[in-house]
Amino acid sequence: MKFINETKRILLERKKSILASLDALPIDMHQRDQHVGDSIDKSKAQVDQAEASDLRLRENQDLRSVESALSRIEAGTYELCEECEETIPRGRLTVKPTATRCVECQEDFEKFNTPPKPKRTLLDN
Ligand SMILES: [Zn+2]
């Protein structure tokens, strides 16, 4: 139980810092008057906006995985792999508290979700 409590504390801290950095990001430019500012300022603003929305996207993804880990703690399924329902080793959860799969299932998942590398043939040599 100590492990779970500690993990929960870490996840809550992480959630707090994600929310704080989302808060610090500039407001969505689409909501503003597009005619304000000269063209140089505007193009710089657009770059900043692109970076900000990229960051916002990543922060939101992080937030979702933290929140799902927290709800799995509440449900008592935190340490179970969502694929094979085996216990995820605590060493793995310590390194990656938002992990939802055991190492084996995660590897399978990544293999399935990344395009296969081109196979080397004898002709390459
Ligand atoms: Zn598994």
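Visitor: Is Glu-85 buried or exposed, and why?
Guide: In this predicted model, Glu-85 is exposed, because 10 other C-beta atoms lie within 10 Å, and a residue with 12 or fewer such neighbours counts as exposed.

Visitor: Where is Glu-85 found?
Guide: Glu-85 sits in the loop between α2 and α3, and although Glu-85 is not a glycine, its phi is positive, at about 65°.

Visitor: What about Thr-77, where is its place?
Guide: Thr-77 also belongs to the loop between α2 and α3, where α3 covers residues 90–95. Thr-77 counts as partly exposed because it has 13 C-beta neighbours inside 10 Å, and its C-alpha atom is separated by 9.3 Å from that of Thr-87, which lies 10 residues apart from it along the chain.

Visitor: Changing topic, how many helices and strands does the protein have?
Guide: The secondary structure comes to 4 helices and 0 strands, so that reading along the sequence gives the pattern α-α-α-α.

Visitor: What span should helix α1 have, and how far apart are its ends?
Guide: Helix α1 runs over residues 2–24, and at 1.5 Å a residue its 23 residues should span 33 Å, which agrees with the 33 Å between its end C-alpha atoms.

Visitor: Which residues of α1 are buried?
Guide: Within α1, the buried residues are Thr-7, Leu-11 and Ile-18. Across the 125 residues in the protein, buried residues make up 7%.

Visitor: Which residues make up the largest nonpolar core?
Guide: That core has 5 residues in all, namely Leu-11, Ile-18, Val-66, Ala-69 and Tyr-78, and at least two residues of the core come from each of α1 and α2, the latter being residues 39–75.

Visitor: Going back to Ile-18, which residues is it in contact with?
Guide: If we leave aside its neighbours within four places in sequence, Ile-18 is in contact with Glu-59, Asp-62, Leu-63 and Val-66. Val-66 is also one of the members of the largest nonpolar core, together with Ile-18 itself.

Visitor: And Leu-70, which helix is it in and what does it touch?
Guide: Leu-70 is part of helix α2, and, not counting residues up to four places away in sequence, Leu-70 touches Lys-8 and Leu-11. Leu-70 counts as partly exposed because it has 19 C-beta neighbours inside 10 Å, while 20 or more would be needed for it to be buried.

Visitor: How far apart are Leu-70 and Pro-97?
Guide: From C-alpha to C-alpha, Leu-70 and Pro-97 are 9.7 Å apart in space, and they are 27 residues apart in sequence.

Visitor: What share of the contacts with a separation of 6 or more comes from residues 24 or more positions apart?
Guide: For the protein as a whole, residues 24 or more positions apart account for 54% of those contacts.

Note on methods: Residues are numbered from 1 along each chain as its sequence is written. This is a predicted model: local features need pLDDT of at least 70, side-chain atom pairs count only at pLDDT 80 or more; totals for chains, interfaces and linings use all residues. Two residues are in contact if their C-beta atoms, placed from the backbone, lie within 7 Å. The expected span of a helix is 1.5 Å times one less than its number of residues. A nonpolar core is a set of buried Ala, Val, Leu, Ile, Met, Phe, Trp, Tyr and Cys residues joined through C-beta atoms within 7 Å.
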